[in-house]
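Here is a friendly walk through charge pairs and nonpolar packing. Have the model open beside you as you read.

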Amino acid sequence: MEKKRSVAFHTLGCKLNFSETSTLSRLMESEGFEKKEFDDLADVYVINTCSVTDNADKECRQLVRRIQRKSPESFVVITGCYAQLKPKEIASIPGVDLVLGAAEKFNIAQHINELAKGNDAKVCSCDIEEVSGFNASFSQNDRTRTFLKVQDGCDYTCSFCTIPMARGKSRSDSIANVVKHATQLAADGVKEIVLTGVNLGDFGKGPDGGRHEEDFFSLVQKLDKVAGIERYRISSIEPNLLTNDIIVFVANSNKFMPHFHIPLQSGSNEILGLMRRRYRRELYAERVGLIKTLMPHCAIGVDVIVGFPGETDKHFQETFDFLHELDVSYLHVFTYSERDHTKALEIQPVVPIPVRNERNKTLRNLSYMKLQYFTQQQSGQTRKVLFEGFDKHGMMEGYTDNYIRVSTPYRGEWANQIIDWELR
């Protein structure tokens, strides 16, 4: 009897990548491959890459070197955003056998079955303009919260961003298909779905880029009625696409959690203009104000970039002061890194690396204080916690509806269960 071939996956980057990796894993298992952990010995290693920061590029190279030392005869496959943007660069990394661009990653099983160990890496990619179609993805059996991809690509032209070059035009699943997937996940025992996409609020464009007669507000209304799913989260949504209707709906829904993640990127209108963002700080503050008026207990996460070209000390102080005054719960702070073929490369002056790092540290400290304050505000409240099934050295973790992490001694019967919990 022929030995089953094995495959191991590693994901770099965002929740969208996690959902796609999980789907790729299921595709490989359906082709007869045995799934292994990435630290185990496997016949094939697949790295699903990100391109948002330099660090993701470096981490990809480090992972390939690690595989080479551990298992030099194994096949190494690179896919994801980095693979679409720089296929030749990745193909030149010693040890890489196959590079799959955006149009080919969901044909992974076919490509691997045709692969032979040779001297040169095989590149299967195309111009991003040729990428069309929508591949539904969701994570399953990987964690308590399931990430469900409902949208891909982006039509925005932010000056710092390579994602439109890596993922193509904005396109979406249909509401009917999303509801079908949610119903399937409910039947599998999933309690919480996180809706993911590149530009989630732009939901409604079909696989060819044309507009469905659908939008994101219509989607959340339909999902709210799916039996069996007890929780939904909106992973990240642009402030200009987070409408008052959506906020009011979430405030009155028992299933959509009081938790938003809203990219800001800068608290300076001048820098927002250089970034080509589609809003100003006043609109952002207005959105936060409405959320907190309707849901004072709501968690709000913020993406912010420091050290963008042209960002002076005054601009940074504007960002700091704006965030300090804003009633948000935590920050995801990114240090600006130069990305090839972006308009930001033309903007002067360039902020020195040590200044970027210092600004990052300042905002991370602010984030720590924001989260401490938000958590303390909830003390004494009883909130519902969905506990994950992992035994972490005798402990288990879960999240409240408003995204406060709770840790408690492990109890198997609480895994994937929603428990009333008094916060202290």
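R287 counts as buried because its relative accessibility is 10%, where buried means under 20% relative accessible area, exposed over 50% and partly exposed in between (1.4 Å probe, protein chains only). Its salt-bridge partner is E286, with the closest N and O atoms 3.5 Å apart. E286 has 48% relative accessibility and therefore counts as partly exposed.

Before going further, a note on the source: this is a predicted model, in which local features need pLDDT of at least 70 and side-chain atom pairs count only at pLDDT 80 or more, while totals for chains, interfaces and linings use all residues. Residues are numbered from 1 along each chain as its sequence is written, and side-chain values use heavy atoms, with hydrogens and water left out.

**Charge pairs**

Side chains of opposite charge can pair when their charged atoms come close. Here a salt bridge is a side-chain nitrogen of Lys or Arg within 4 Å of a carboxyl oxygen of Asp or Glu, and the structure holds 29 of them.

| Salt bridge | Closest N and O atoms |
|---|---|
| D202 and K205 | 3.3 Å |
| E286 and R287 | 3.5 Å |
| R411 and E413 | 3.1 Å |

R411, at 38% relative accessibility, counts as partly exposed, and E413, at 52%, counts as exposed. Elsewhere, salt bridges link E20, K105, K149, D152, R167 and R171 into a network.

**Nonpolar packing**

A nonpolar core is a set of buried Ala, Val, Leu, Ile, Met, Phe, Trp, Tyr and Cys residues joined through side-chain atoms within 4.5 Å. The largest one has 63 residues, and F216 and F260 have the most contacts inside it. Leaving aside residues up to four places away in sequence, F216 touches L195, L200, G201, F203, I234, I237 and I246, contact meaning heavy atoms within 4.5 Å. A second, separate core has 21 residues, including A8, F38, I67 and V96.

F216 also belongs to helix α8 (residues 216–223), where F216, L219, V220 and L223 are buried. These residues lie on the same side of α8 because they cover an arc of only 95° around the axis, the arc being that of the directions from the helix axis to the C-beta atoms. Among the elements covering the buried residues of α8 are α7 (175–187), β11 (192–196), β12 (231–234) and α9 (244–252). Helices (H or I, at least four residues) and strands (E, at least two) are DSSP runs numbered from the N terminus.
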